[in-house]
Amino acid sequence: LHLHAVTARRTRHRAQEDAGAIQHGVTVVNVGRAHRPLEGIDAIAHRDRTNAVGLDAPDFDTLVDSPIYCGNPTLKALKVRNVPHLFLVEGRGNYDLDKWAADTQKIAETAADLWGSIPFDRYVFFNFVGPSFGGGLEHSGSAVMGYDTFGFAPRDKYVQQLGLISHEYFHAWNIKRLRPKGLGPFVYQEENYTHCLWIAEGHTAYYDNLLVRRSGLCSDDEY
């Protein structure tokens, strides 16, 4: 499977041998109406000495909030306040990988300074590049983001992409931890509504480009 498009509303896939695939946990884990999510799900799978890859989640909410990716991406290891951050990229584009990763780290450091602490022990930036890719979706320990193949130049486009990263990373605090009541814990057997996105998304939208500016990655005029 190959990720064909990533947006906050839509994910499409197609078969292709030389690329990876990603699924949001909620799209592959189902809860029937006759069943209730159980706390303390134990050992879905473990990484063992044979180097087999496994998943482990402390509870159902964590499981469905965890994107599942398989493939052969480009990886950059980052650290923010001694917390490991993984910068994952799949797809070719007109980006400078080293600069993109370094700028992402600056944004993460600025966000951590704003909040004063980091609420997770590991974070993954899932970056997918391809024709007409776009948008993003936050998770408690990661974000899945899409970028157009030629969306990194000229400079105004690149600054816009940094704003997307800043926005989704900020959500790790605002919405994933500090959140309206309707956005968790979820009732998976029915719709979940909130009238508070104006503040949850509004605060995040205010800070996304501001953090890019505070990181020294754009000028006052660009901001």
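Predicted model: local features only at pLDDT ≥ 70, side-chain atom pairs only at ≥ 80, totals over all residues.

Colleague: Which helix does W115 lie in?

Modeller: W115 belongs to helix α3, which covers residues 97–115. On the surface, W115 forms a nonpolar patch with L114 and L178, and together they have about 260 Å² of accessible area.

Colleague: Turning to the whole chain, how many helices and strands are there?

Modeller: The chain has five helices and nine strands. Their order from the N terminus is β-β-β-α-α-β-β-β-α-β-β-β-α-α. Of its 223 residues, 41% count as buried.

Colleague: Now α5, please. How far apart are its end C-alpha atoms?

Modeller: They are 25 Å apart. Helix α5 has 18 residues (197–214), so at 1.5 Å a residue it should span 26 Å, and the two values agree.

Colleague: Where is the kink in α5 centred?

Modeller: The kink is centred on D208 and amounts to about 25 degrees. D208 is also one of the buried residues of α5, which include A200, T204 and L210.

Colleague: What do the buried residues of α5 pack against?

Modeller: They pack against α3 and against α4, residues 155–170.

Colleague: And which residue takes a positive phi just after α5?

Modeller: That is G216, with a phi of about 80 degrees.

Terms used
Residues numbered from 1 in each chain as written. Heavy atoms only, no water. Patch = residues over 30% accessible without salt bridge, like charges linked within 9 Å, V, L, I, M, F, W, Y side chains within 5 Å. Areas by Shrake-Rupley, 256 points an atom, 1.4 Å probe, with all protein chains shown as cover. Salt bridge = Lys/Arg side-chain N within 4 Å of Asp/Glu carboxyl O. Helix = DSSP H or I, 4+ residues; strand = E, 2+ residues; numbered from the N terminus. Buried < 20%, exposed > 50% of the residue type's maximum accessible area, 1.4 Å probe, protein only. Expected span 1.5 Å × (residues − 1). Bend = angle between axes of the 7 residues up to and from the residue. Contact = heavy atoms within 4.5 Å.
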